[in-house]
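Hi,

Here is the structure I promised to pass on to you. Have a look at it first, and then read on for what turned up.

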Amino acid sequence: MSDSEQTFLDVAITEVLPELQAVNKNILEEHLQSIGVETSDDLRFVTEADLMTALRPVQARKLLSAWKQKYQTPENSSLSSVEASSTQSLSLLSLSPQSLSSTSSSSPGCDIQWDDNFEIPWSKLPAEVMHFLERGKRPRPKLRRQMVRIVVTEMMEKCPHVGRKHSIDVARKMVAKYPNSLQDLIEGEIVGAGYLSLVKQLQNRIENVRRTSTPKIRKRKHQTDSDHTDEIPLEERAAMQDTYGCIKWNVEFLPLEETPESQQQKMEKLKVMFQQADTNPEEVKSLMKSTYYTQRLHVNQGKSIKCLREEWPFWFDELGMSVHFKELTGIDLKETFTRNLDLKGKRLLDYLTTVAVSKSKVFLQTYARLQRMRGPQSGCSDDVKEMVLLLLSYFEEKEESMLLCVEDTCLADEVQLEQVPLTPTIIVCGQSCYSSRRYMLSVDRHLVSTNISSFISALCLMFGSYYNFNIHYPSELASTLEFLQR
């Protein structure tokens with residue numbers, strides 16, 4: 001679901017440390033880019049000290065040892081021999097996986113150095129984009145994405161096999177022309193090389209254009225009772241959606257030790273345990289993990305949320321949701337989210353409450369309103385609430401599409417679900433997130449969890465539902481959800 005490219009750094013890291021978690025790999029990639037690593041050739045100059053901020057000592061030494069052999073670092077080879085022997089391998093590594101397979105048969109009309117003479121198509125950009133650029137103002141996210149799409153179209157017309165090096169060269173040209181509008185800045189200071197966010201957007205768009213239609217999963221559609229006919233298979237009642245980010249979305253075979261009968265028995269046992277007050281969390285976790293095959297089978301068959309809720313009640317609990325998400329993506333949902341909050345949350349909130357307040361009058365009004373609602377409250381949970389609400393305002397997206405407030409005494413059966421969006425929605429029991437002590441979660445206008453104690457837990461449950469139940473991000477929340485995802 002995220003749009004991300006497999007860069008030469010991704011290849012170089014994954015080959016040596018395949019077990020490294022995605023979030024740690026992303027941090028390492030960003031760090032290497034920030035110290036100036038732009039091509040495979042630059043890996044020759046990385047030292048152990050450069051890696052210590054993102055890796056443990058043994059991991060760092062493994063990487064350097066492998067790179068020493070593969071990329072011939074200065075410790076075991078002279079620069080002249082490197083330049084002679086590694087030109088071909090380095091140029092291959094700078095390409096994305098799709099273009100890697102086609103380098104041997106690249107199109108005859110594609111000049112390897114085309115980007116040297118590439119002219120940015122400024123005249124083709126929308127007038128509103130140019131209005132911001134020429135006045136030294138940062139284009140809004142939607143306008144910036146439009147700009148990236150147009151530039152990438154021109155790039156790929158010049159050469160279909162566009163690599164990261166080309167994206168870097170084009171991004172440099174764009175930033176050089178309009179530094180005040182396009183440079184990576186935080187509180188007036190240039191971040192890293194100043195153009196890495198633009199490089200990433202260009203590469204993301206390139207991979208989107210190249211992406212094939214082979215690996216797909218299904219997106220759930222809202223169904224009414226009249227939709228259930230024998231003529232339409234359940235699998236056909238859904239649209240197609242990319243499986244990006246999922247590593248086990250469609251498990252073909254049962255685990256060796258399992259049978260359909262044992263899966264059914266475990267499913268029934270989980271139903272019984274859900275009704276008990278003294279459930280053993282570890283046993284629930286084990287049962288949810290061992291029945292993952294059947295859970296994916298049911299959701300990919302297009303079973304309704306109501307049916308899934310009845311058959312797998314723990315799936316909509318924080319524990320069950322996290323187990324399934326971990327199996328599906330390989331990522332620990334809440335742990336990863338909270339760790340990134342520790343790493344980046346304060347800096348993001350500082351940016352939103354200082355630099356971004358001058359973005360627009362509407363955003364400033366939202367910030368002032370949230371300050372009145374929050375009052376003297378402080379703490380991590382309140383920071384997260386403010387961050388999410390400010391992000392929604394920053395991207396000009398509606399709060400009610402993600403958060404719906406009801407009376408603090410409202411019971412589950414009193415929620416007017418016809419007013420709730422079809423997509424996963426947090427029901428806030430109180431006048432605002434700050435006053436609420438209880439949250440509920442609605443998916444497909446069914447209350448699937450009715451007593452969530454913290455906003456962070458509710459946010460993780462909401463986010464996990466998009467992945468676990470094959471639901472597209474709604475267009476009215478796409479920017480905020482993708483930002484949180486990344």
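Before the helix packing, a word on axes: each is a line fitted to C-alpha atoms, for helices over the stretch in contact, and the angles run from 0 to 180 degrees between N-to-C directions. Please keep in mind that this is a predicted model.

With that in hand, take helix α10 (residues 164-177) and helix α12 (residues 196-210): their axes come within 9 Å and cross at roughly 130 degrees. Angles over 145 degrees count as roughly antiparallel and those from 65 to 115 as roughly perpendicular, so α10 and α12 are oblique to each other. Their crossing is right-handed. On the α10 side, the residues that take part are Arg 164, Ser 167, Ile 168, Val 170, Ala 171, Met 174 and Val 175. They meet Leu 196, Leu 198, Val 199, Leu 202, Gln 203 and Ile 206 of α12. Sorted by class, the contact between the two helices has 10 nonpolar, two polar and one charged residues.

Not counting residues up to four places away in sequence, Gln 183 touches Val 175, along with Arg 138, Tyr 178, Ile 190 and Gly 194. Is Gln 183 buried or exposed? Its relative accessibility is 17%, and the limit for buried is under 20%, so Gln 183 counts as buried.

Another loop residue worth a look is Trp 315, between α16 (305-311) and α17 (318-329). Trp 315 is buried too, with a relative accessible area of 0%. What is Trp 315 in contact with, leaving aside its neighbours within four places in sequence? The list is Met 288, Gln 295, Val 299, Leu 308, Gly 320, Met 321, His 324, Asn 468 and Phe 469. For one of these, Gln 295, the C-alpha to C-alpha distance to Trp 315 is 8.9 Å, at a separation of 20 residues in sequence.

Finally, some totals for the chain. There are 22 helices and eight strands, and buried residues account for 47% of the 486 residues. Of the contacts between residues at least 6 apart in sequence, 65% join residues at least 24 apart. The accessible surface comes to about 24,500 Å², with 51% of it belonging to carbon and sulfur atoms.

Best wishes

Note on methods
Residues numbered from 1 in each chain as written. Predicted model: local features only at pLDDT ≥ 70, side-chain atom pairs only at ≥ 80, totals over all residues. Heavy atoms only, no water. Helix = DSSP H or I, 4+ residues; strand = E, 2+ residues; numbered from the N terminus. Buried < 20%, exposed > 50% of the residue type's maximum accessible area, 1.4 Å probe, protein only. Contact = heavy atoms within 4.5 Å. Areas by Shrake-Rupley, 256 points an atom, 1.4 Å probe, with all protein chains shown as cover. Parallel < 35°, antiparallel > 145°, perpendicular 65-115°, else oblique. Left-handed = near helix turned anticlockwise from the far one by under 90°. Nonpolar A, V, L, I, M, F, W, Y, C, P; charged D, E, K, R; others polar.
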